[in-house]
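Here is a short briefing on pockets, sheets and helix packing. Please keep the sequence and the 3D view at hand.

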Amino acid sequence: MTHPRVPHLLKIAMFKDLPRESLNRLAEASGLQSFGAGTYLFEEGGEPDFVYCLVEGSVALMSDSSPNAVPIENFAAGETVLLPAAVLGLPYLLSGRAITNGKCLLIPANKLRSLIDADGALAAQCARALSRHWRLLVGQIKELKTHNAVQRLARYLVTQAGAQKGRSTLTFATSKRDIAGMLGIAPETLSRALKKLKPHGVESRGETLTIKAIEKLELIASGPPDIAKPH
């Protein structure tokens, strides 16, 4: 018999390919919880009691839970938040704040560790997820060390545009201050970077941004640091 929470687990990328037996064991251990926008699911320094699997909504990892906290990374529905802390049993390095209303599956960290020890398929999926986290972290460190603010912004915009080519219009669900935090720059530096991209076809009005040619931004994002300078 399939556990009633298995359909929720199937929405989580890390678990959707697991055998039915593994899904049932995870479903039995988990609980479904709703959260409201602005709610802190966990705070920096707290013990990792749960793994948070986002069924609906999105969550931002914040530097801390203060009013001046800086956003580090966003997680959307289908993703698992801070698996490394739960697997290692170490305190959270960041705080998690809900961007929107949503629902998440909570899996007790100690139960997850026991299931990983006993279930090879689950252990393999966790290893893949942790490997992806590692690659993401290395990529972010590389970008911080090798790309200036204009290039980081250009790369962010290209990523937000997805598979679009040519002209594109983007509307941001988060503030420019939060975008600056995710790029590792100050808000005023973001404003200057937007002005430097204007001659290259980027127009910003409030939370809406128009790009005349995605391909031109791709060149800036991957080119030498001085490529966005006017010639």
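α5 gives the most to the lining of the largest pocket, with 12 residues. Helices (H or I, at least four residues) and strands (E, at least two) are DSSP runs, numbered from the N terminus. This is a predicted model: local features need pLDDT of at least 70, side-chain atom pairs count only at pLDDT 80 or more, and totals for chains, interfaces and linings use all residues. Residues are numbered from 1 along each chain as its sequence is written, and side-chain values use heavy atoms, with hydrogens and water left out.

**Largest pocket**

- The volume of the largest pocket is about 1,700 Å³.
- The search runs on a 1 Å grid over the protein atoms alone; a pocket is an open set of points with protein on both sides within 12 Å along at least five of seven lines, a cavity is a set where a 1.4 Å probe fits but cannot get out, and lining residues have an atom within 4 Å of a point.
- Grid points are joined across faces, edges and corners, and a volume is the space filled by probe spheres set on the points.
- The largest pocket is lined by 49 residues, and the closest to its centre are Ile 72, Glu 73, Phe 75, Leu 136 and Gln 140.
- Two or more lining residues come from each of β5 (71-75), α3 (83-88), α5 (120-146), α6 (149-161) and α7 (176-183).
- By class, the pocket lining has 30 nonpolar, 13 polar and 6 charged residues.
- Ala, Val, Leu, Ile, Met, Phe, Trp, Tyr, Cys and Pro count as nonpolar, Asp, Glu, Lys and Arg as charged, and the others, Gly among them, as polar.

**Largest cavity**

- The whole structure holds 1 cavity of 30 Å³ or more.
- The largest cavity has about 60 Å³ of space.
- Its lining is Leu 153, Tyr 156, Leu 157, Phe 172, Lys 176, Ile 179, Leu 190, Leu 194, Ser 204 and Leu 209.
- α6, α7 and α8 are the elements that give two or more residues to this lining.
- α6 gives the most, with 3 residues.
- The cavity lining divides into 8 nonpolar, 1 polar and 1 charged.

**Helix packing**

- Two packed helices are described by the angle between their axes and the distance between the axes.
- Axes are lines fitted to C-alpha atoms, for helices over the stretch in contact, and angles run from 0 to 180 degrees between N-to-C directions.
- α6 and helix α8 (residues 187-197) have axes that come within 9 Å and cross at roughly 75°.
- α6 is therefore roughly perpendicular to α8; that label covers 65 to 115 degrees, with under 35 roughly parallel, over 145 roughly antiparallel and the rest oblique.
- On the α6 side, Ala 149, Val 150, Leu 153, Ala 154 and Leu 157 meet Thr 189, Leu 190, Ala 193, Leu 194, Lys 196 and Leu 197 in α8; contact means heavy atoms within 4.5 Å.
- This contact of α6 with α8 has 9 nonpolar, 1 polar and 1 charged residues.
- α7 packs on α8 at about 95°, with the axes 8 Å apart.
- α7 and α8 are therefore also roughly perpendicular to each other.
- Lys 176, Arg 177, Ile 179, Ala 180 and Leu 183 of α7 make the contact with Pro 187, Leu 190 and Leu 194 of α8.
- The α7 and α8 contact residues divide into 6 nonpolar, no polar and 2 charged.

**Sheet β2-β7-β4-β5**

- 4 strands form this open sheet, in the order β2-β7-β4-β5, and the pairing is antiparallel; two strands pair if DSSP finds at least two bridges between them.
- β2 (40-42) and β5 stand at the edges with a single partner strand each, so one side of each has no neighbour in the sheet.
- From one strand to the next, the twist averages 30°.
- Strand β4 (residues 59-62) pairs with strand β7 (residues 95-98) over 4 antiparallel bridges.
- Met 62 stands opposite Ser 95 in β7, and Ala 60 has Arg 97 of β7 as its bridge partner.
- β2 and β7 pair in the antiparallel sense over 2 bridges, and Phe 42 has Gly 96 of β7 as its bridge partner.
- α7 lies across β5 and β7, at about 100° to β5.

**Sheet β1-β8-β3-β6**

- 4 strands in the order β1-β8-β3-β6 form an open sheet with antiparallel pairing.
- β1 (31-35) and β6 (80-81) are at the edges with a single partner strand each, so one side of each is left without a neighbour in the sheet.
- Strand β3 (residues 50-56) and β6 pair in the antiparallel sense over 2 bridges, and Cys 53 has Thr 80 of β6 as its bridge partner.
- Helix α4 (residues 109-118) lies across β3 and β8 (102-108), running at about 65° to β8.
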